[in-house]
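Please look over the sequence and the structure below before reading on. This report goes through them in short sections.

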Amino acid sequence: MSIRLRLALWYGTLCTVLIALVSLLGFSAYTRGQYQTLDQVLVLSANHVAVGWQESGTSYVLEADISEIQVAFRLYDNTGQFKRGSRLEPPLELIKPQRVLEQDVSVYADPIARLLRLPWTRSEGAFLLQQGQDGQRWRVYVTPLVKGQETLGYLEALTPLGLLDTSVRWLATLLFAVGLISILAVFGLGLMLAGGALQPIARLVETVQQIAHSADLTMRVQPIAAHDELGRLSVTFNEMLENLAKAAEVQKRFVADASHELRAPLAAIQGNLELLRRYPEMPAADRQVALSEAEREALRLSRLVADLLVLAKGDAGMPLRQTRFRLDEVVQEAIRDAAHLTEGQHLEAHLQPLWVLGDRDYLEQLVVILLDNALKYTPATGLVQVELKPEGDHLHLRVQDTGIGIAPEDLPYVFDRFYRADKARRRDPGGSGLGLAIARWIAERHQGSIQIASQPGQGTTVSVVLPARPVP
């Protein structure tokens, strides 16, 4: 079922319920008022007759022609025997007034009021409903005629309900017809409104389907001018497409760079193995050179694949193992591990005991990457300083060297995958260009940041900012 039809059904159903409730309440209020007014007329007429009878033993109302208001009367003595009636003779059988009053069999004239148990006209007598011989309902009111402590007799007031019942049925039919027409109109209007409201979504879906079929991420959905949810949806879709296009471009470049980087060591390994196969009688020295080169390229390939796996885990959003530990101890371990990489450089460490929450192995890898880069591009007489200190709610890790530095035009790209400046390529041809990209990913996954500042010929400073944790 389409959204348009569902919206129309929901809207139509809600309006149907509201129309039904309003119609029922209006109909109930009208009919209850009409039937109660008629009962009050019976009570007032009966009281008028009763007063005259109590004072003079008769009433002129019994002698008058009151057929215009359709009210008839019957008098009974104190034993319940019929004595006389008014000129308007009702087509109903005589009743037993004592039994009616003793059993208190008062009933509603309005069926809806009876169903809802609404309050009705209060009086000293009792109300009945009787089916007349003329086929219509008659409303009957019975009240005792009391003078002092003596019951003189009983009075029965009657009026036909034919005209009122017909009016009520006509009103019910009219309300049903108007309600039905209104409901159909509401459903039709709901379909029109839903169709108009969803038309921008239909255009958006059509555009997205075209993008899906053509795989053209340069296409954009038509912006919706309205400043509402649909307008924000179109803007969000275009932003999503923009991000997807950027991600696809980055992925293409990454795959191309990865293929290029993997091809070089594989070609070297394959070339040396083929050389060993073709010339089995190769001198031992040459054989050793070929094997060493193949081994070196295999190690390079292994490091490259390991770095690619780390980045792939990051792209997949794999969670980190969160533990609380002292970062200064991790930095000290990384310095000990990097000590074998020194070629005469001097390592200095100024570490304060600070606690952090994160993955111990990844943070140690981050420090090793920074130290490896610093030592790799620092001359043998240079200095590499490592500093760890608190600053507010964060801790700052700085690795500063006195190496060759980075050219200003290369600084914006040093964290990109596979990017390596020309000087770096000449100094370390076996590097992969993934170290700083991995370092940035590790810092960002720990809600931190990493920045780099450098002056060519003077050195480079890498700053890592991480949230500090209080001492447990």
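In S4, which residue is the bridge partner of Ala126? The section on the sheet gives the answer.

## The chain as a whole

The model is predicted. Its chain contains 11 helices and 12 strands. Of the 472 residues in the chain, 37% are buried.

Contacts can also be sorted by separation along the sequence. Among contacts in the chain with a separation of 6 or more, 65% are between residues 24 or more positions apart. The accessible surface of the chain is about 27,500 Å², and carbon and sulfur atoms account for 58% of that surface.

## The five-stranded sheet

Five strands form an open sheet in the order S2-S1-S5-S4-S3, and their pairing is antiparallel. The edges are taken by strand S2 (82–85) and strand S3 (126–131); each has a single partner strand, so one side of each has no neighbour in the sheet. From one strand to the next, the twist averages 25 degrees.

Strand S3 pairs with strand S4 (residues 137–147) in the antiparallel sense, over six bridges. The bridge partner of Ala126 in S4 is Val142.

## A loop residue with positive phi

Gln447 lies in the loop between helix H11 (435–445) and strand S11 (449–455). Its phi is positive, at about 55 degrees, although Gln447 is not a glycine.

Is Gln447 buried or exposed? Its relative accessibility is 61%. The cut-off for exposed is over 50%, so Gln447 counts as exposed.

Definitions and conventions
Residues numbered from 1 in each chain as written. Predicted model: local features only at pLDDT ≥ 70, side-chain atom pairs only at ≥ 80, totals over all residues. Heavy atoms only, no water. Helix = DSSP H or I, 4+ residues; strand = E, 2+ residues; numbered from the N terminus. Buried < 20%, exposed > 50% of the residue type's maximum accessible area, 1.4 Å probe, protein only. Contact = heavy atoms within 4.5 Å. Areas by Shrake-Rupley, 256 points an atom, 1.4 Å probe, with all protein chains shown as cover. Pairing = 2+ DSSP bridges. Axes fitted to C-alpha atoms, helices over the stretch in contact; angles between N-to-C directions.
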